[in-house]
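Below are some notes to read with the model open beside you, taken point by point.

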Amino acid sequence: MFDAILAAPPDSILGLTEAWKQDPNPLKVNLGVGVYKDAAGNTPILASVKAAEAAILHSATTKSYMPISGAPEYGSCVRELIFGSAHEIIQAGRARTAHTPGGTAALRAGADFLKKVVPAATVWMSAPTWANHKGVFAAAGFASKDYPYYDAANRDLDFPRMQEALEAIPAGDIVLLHACCHNPSGVDLDAEQWRTVAAIAGRRGWLPFLDFAYQGYGDGLEQDRAGVLALAAACPEFIVASSFSKNFGLYQDRTGALTLVAGSAAAADRAFSHVELAIRVNYSNPPAHGGLIVSRILSDAALRDQWLAELTAMREHIAATRRQFVAALASHEVPGDFSFIARQKGMFSFSGLGDVQVKFLRDARSIYIVGGGRINVAGITSHNLDYLCTSIREALASY
Ligand code: LMR
């Protein structure tokens, strides 16, 4: 049965790390997967996470199953993080949250739920989008289409064309939006543009599905809510997939959440019962550890402050690295204006490198970049900056 099966292609993001690990070149650089690295190139466990883990280890009494949607306290913490504690959605009980194994499982649980509710809907995704978005929604049985987003010529948002496309999406379809730190482009909507998008969603009646994987990596925990809050003001129903891989550094603990917002508490409960069915047949109930860490940090004032300071430091480090990268490209006389890299938000930069240059950098220089030219800015350190800029100059000169 298995003999004739041809191997699947490696994952376009995670596969790069595997290839990088095998590469014997001592100068090799991994700018692929979105993982935060400090100035020394390490991905340390946050001190607030370590402290929360110690407290959990000390006080834990059972390894019994979690509820299908995880611990209720976790859901409350997540909703406060997404909306802010005083938000009407929370007060009215119009949102329900499932603790999911990472943001990917949140997307999949949401997709499985929607396939049951609106099976004929099309899912609209930004062009470009995270490589795995298409795979997750396709696996749930959805056809997807693109809406314009990134303007490669101007290295900016193509808002007029995006707006025009969103206006034409029919009621009942689903529109996937990146709440902040757009992956892969690093180009976000401003607050006014979010209000425009939210007004279109409210008027047209398509369902916003927000991927919120980088809260706190853009302008700050509260500022990064701009899109969510605009949609909350204009649309009675939407879905949010959260990931705590990056902002809590819980990559391997697979910690995320799916939050469903409905027009009333009763409608939210009814709809959410189908989310729970989708989860039960998929992974049954979530792994507890990461959720316990997040809940403990968010419900303890001192730990929360410590975590916020650590999150701020990560955000500021990436912003500083962006500026250093732009300056280094200029000082290495790499042709072109790269100032846009300093304007982009979050972990990634759309470098402007094409696939031939990405291939040259990988094959000839052991520098690993995602196809399309997405660079994980956090992977740039003072140790690899010179080598990177010299290699980019060579890549641009050769191709
Ligand atoms: C990324 O885009 O690099 C991250 O979201 C990690 C992943 O799972 O692809």
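1. Let me start with a helix pair. Glu73, Tyr74, Cys77 and Leu81 of H3 are in contact with Gly291, Val294, Ser295 and Leu298 of H11. Sorted by class, the residues of this contact are 5 nonpolar, 2 polar and 1 charged. Please keep in mind throughout that the model is predicted.

2. How do these two helices sit against each other? Helix H3 covers residues 72-83 and helix H11 covers residues 288-298; their axes are 9 Å apart and the packing angle is about 60°. Angles from 65 to 115 degrees count as roughly perpendicular and those under 35 as roughly parallel, so H3 is oblique to H11. The crossing of H3 past H11 is left-handed.

3. Next, have a look at helix H7 (residues 159-168) with helix H8 (residues 191-204). Their axes are 9 Å apart, and the angle between them is about 15°. Because of that angle, H7 counts as roughly parallel to H8. H7 passes H8 in a crossing that is right-handed.

4. Which residues make the contact between H7 and H8? On the H7 side you will find Phe159, Met162, Gln163, Leu166, Glu167 and Ala168, and on the H8 side Gln193, Thr196, Val197, Ile200, Arg203 and Arg204. The contact of H7 with H8 splits into 6 nonpolar, 3 polar and 3 charged residues.

5. A further pair is found later in the chain. Helix H14 (residues 355-365) and helix H15 (residues 385-398) cross at roughly 125°, and their axes come within 9 Å. That angle makes H14 oblique to H15, and the crossing of the two is right-handed. Gln357, Phe360, Leu361 and Arg365 of H14 meet Tyr387, Ser391, Ile392, Glu394, Ala395 and Leu396 of H15. By class, the residues in the contact of H14 with H15 are 6 nonpolar, 2 polar and 2 charged.

6. Now to the ligand. Which residues are around the ligand? They are Ile13, Val33, Gly34, Trp130, Asn183, Tyr214, Lys246, Phe348 and Arg374. Several of these are worth a click, and the next point takes up three of them.

7. Trp130 uses its side chain, with a polar atom 3.0 Å from an oxygen atom of the ligand. Lys246 likewise has a polar side-chain atom, placed 3.1 Å from an oxygen atom of the ligand.

8. Two peptide bonds deserve a check by eye. The bond joining Ala127 and Pro128 is cis, with omega about 5°, and Pro128 is in the loop between strand S3 (122-127) and helix H6 (131-139). The bond from Asn183 to Pro184 is also cis, and its omega is near 25°. Pro184 belongs to the loop between strand S7 (174-178) and H8. Asn183 is also one of the residues around the ligand.

9. Arg254, which is not a glycine, has a positive phi near 45°. You will find Arg254 in the loop between strand S9 (238-243) and strand S10 (256-261).

10. Finally, a word on Glu53, which lies in helix H2 (residues 47-59). What does Glu53 touch, leaving aside residues up to four places away in sequence? The residues are Ile45, Asp253, His289 and Ile293. As for Pro148, Glu53 is 95 residues from it in sequence, and the C-alpha to C-alpha distance between Glu53 and Pro148 is 43 Å.

Notes:
Residues numbered from 1 in each chain as written. Predicted model: local features only at pLDDT ≥ 70, side-chain atom pairs only at ≥ 80, totals over all residues. Heavy atoms only, no water. Axes fitted to C-alpha atoms, helices over the stretch in contact; angles between N-to-C directions. Helix = DSSP H or I, 4+ residues; strand = E, 2+ residues; numbered from the N terminus. Parallel < 35°, antiparallel > 145°, perpendicular 65-115°, else oblique. Left-handed = near helix turned anticlockwise from the far one by under 90°. Contact = heavy atoms within 4.5 Å. Nonpolar A, V, L, I, M, F, W, Y, C, P; charged D, E, K, R; others polar. Near = heavy atom within 4 Å. Polar contact = N/O pair within 3.5 Å; in protein donor to acceptor, adjacent residues only side chain to side chain.
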